[in-house]
Structures are given as C-alpha cells and as structure tokens.
Amino acid sequence: TQGVSSAASDVYKRQVLEQGQIESYVIKRTSDHDRFQIVTPVGVLGVRGTHFRVRNDDQQSLVEVLNGQVAVNREEDAPQPAPRRTRQRPVDKPAGPVPGEVQVMARQGLRIQKQGELKPVELLAAPRLLGQAGQTGALPVWQLILQPLPGASRYRAQVATDKDFLNIKQEQFSSTPQVNFTGLQAFFYHVRLSAFDEHGLEGETGVYDLSLIHISEPTRLLS
C-alpha cells in the first residue's frame, strides 16, 4: 500500500489513504466516542467492527465490505472530545442518520467519486474452482479452471504457501475463467480466488488448498 498515514488517540483513530489499498479488520467499537476513520481524497469511511477493503486510484475510491458495515460520507467529521469522567457511568445515545451519509453493509461495495450518487451494490460471490490443468516443459504452466461467474469482468487468483497469505508466491488476473501460472514448483499451495464487477469492485474471496503436480491432462475437483 502506498501513501498511507495514520494518527490515533485513545478515542479517535484516523488513517489517510492517498493512493493504494488497505484491507482492515477493525474490532467492534464500544462507544460513539471511540471511532475509526479512513480518509481518502473523495470520501470518508467511518468504521465500527468491520472487515473491509478500500483502495484509491484515478480520482475515485472503492470500498468493499466483507463483514460488518461502513458509513461513507464525502465530508470529514471533526474529532469529538472524550466524555468527561463522572461518577455515573455514561450511556451512549443511539446515533441518528447523518445527512449525506451512506451505510455500506456486509457483502456490499461502493464506488466513491467527487460527484454523483453514493449507491451501494451487491458484491460478487467468490468464484468456484472446477479443476486444474498443466503442461510440463522448461517453463511449466499451471492453469486453474473456474466456473464462469455472471457479472464478472475479470478474475484474480493468489497462490501462497501459508493459509494467512503472508507469503504469496504469485498473483494473476484474467479476463476469462482460466488463470495461468508459470514457474511454480510442485508444492502444496493455498489458493485465494475473487472476481471484479463492471465497477471495479472486488467480490468475496474463496480459498482452496491444492497440491501442484506437473500434469498434462485436466483434472477436476471432487464436489
């Protein structure tokens, strides 16, 4: 991720994303005074207990909520001071609707531009892996065969040696439901699949565990 800065206090946490991508897991906030925000050039994301992705590029931001919800506004709120300590335990009042704010729910995405309606859409489901094929030679080719997904404009596949995808060996994109990898060694891999819609929003992810063997005939996964 590029162009990320952050500022935080005990009750107000804020990150600025100028360019690049963030994937965040935010613990559920217990108070309206305990807030987490991500600020992009075209919008502000208020987060309370969420797994989401956000990236900024070409005068727009793309938000994809996988779990929880994100409040999106084009204007940044000023940090609110922490409530004064009293003998009585403070009780948070339910927050009402904020003018110009849009709620992006789980499995929804939103494209944020400087102008235009803020309208969340449903994210694409994770692509289903049907099988794999390969070719031997000086530069072996490993092909993943996906089930075509309606509404998908391109597919993404990541291959890692660990289940947390911290050690990603290769990442490939394809406009068709066949994704090719070259130069991978025979090994046991974790594969993460996703698809992008016409707005550029990345959908939900599916993870498969596969053993790569250099094969010349297609093989199908058992359903």
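This is a predicted model: local features need pLDDT of at least 70, side-chain atom pairs count only at pLDDT 80 or more; totals for chains, interfaces and linings use all residues.
Is Arg55 buried or exposed? Arg55 counts as buried, because its relative accessibility is 15% and the cut-off for buried is under 20%. Setting aside neighbours within four places in sequence, Arg55 is in contact with a whole list of residues, among them Leu17, Gly20 and Gln21, then Gln60, Ser61 and Leu62, and also Phe196, Gly200 and Leu201.

Next up, Gln69. This residue belongs to strand β8, residues 69-73. With 34% relative accessibility, Gln69 counts as partly exposed. Its side chain makes a polar contact of 2.8 Å with the side chain of Gln103. And if you look at Phe52, 17 residues away from Gln69 along the chain, the two C-alpha atoms are separated by 8.3 Å.

Last stop, a sheet. Here 4 strands form an open sheet, in the order β15-β14-β17-β18, with antiparallel pairing. Which strands stand at the edges? Those are β15, residues 168-174, and β18, residues 206-211; each has a single partner strand, so one side of each is left without a neighbour in the sheet. From one strand to the next, the twist averages 20 degrees.

Let's zoom in on one pair. Strand β14, residues 154-160, runs antiparallel to β15, and 6 bridges join them. Across that pairing, Arg156 stands opposite Phe173 in β15.

That's my tour, thanks!

Notes. Residues are numbered from 1 along each chain as its sequence is written. Side-chain values use heavy atoms; hydrogens and water are left out. Two strands pair if DSSP finds at least two bridges between them. Helices (H or I, at least four residues) and strands (E, at least two) are DSSP runs, numbered from the N terminus. Axes are lines fitted to C-alpha atoms, for helices over the stretch in contact, and angles run from 0 to 180 degrees between N-to-C directions. Buried means under 20% relative accessible area, exposed over 50%, partly exposed in between (1.4 Å probe, protein chains only). A polar contact is a pair of N or O atoms within 3.5 Å; within protein, one must be able to donate a hydrogen and the other to accept it, and residues adjacent in sequence count only if both atoms are side-chain atoms. Contact means heavy atoms within 4.5 Å.
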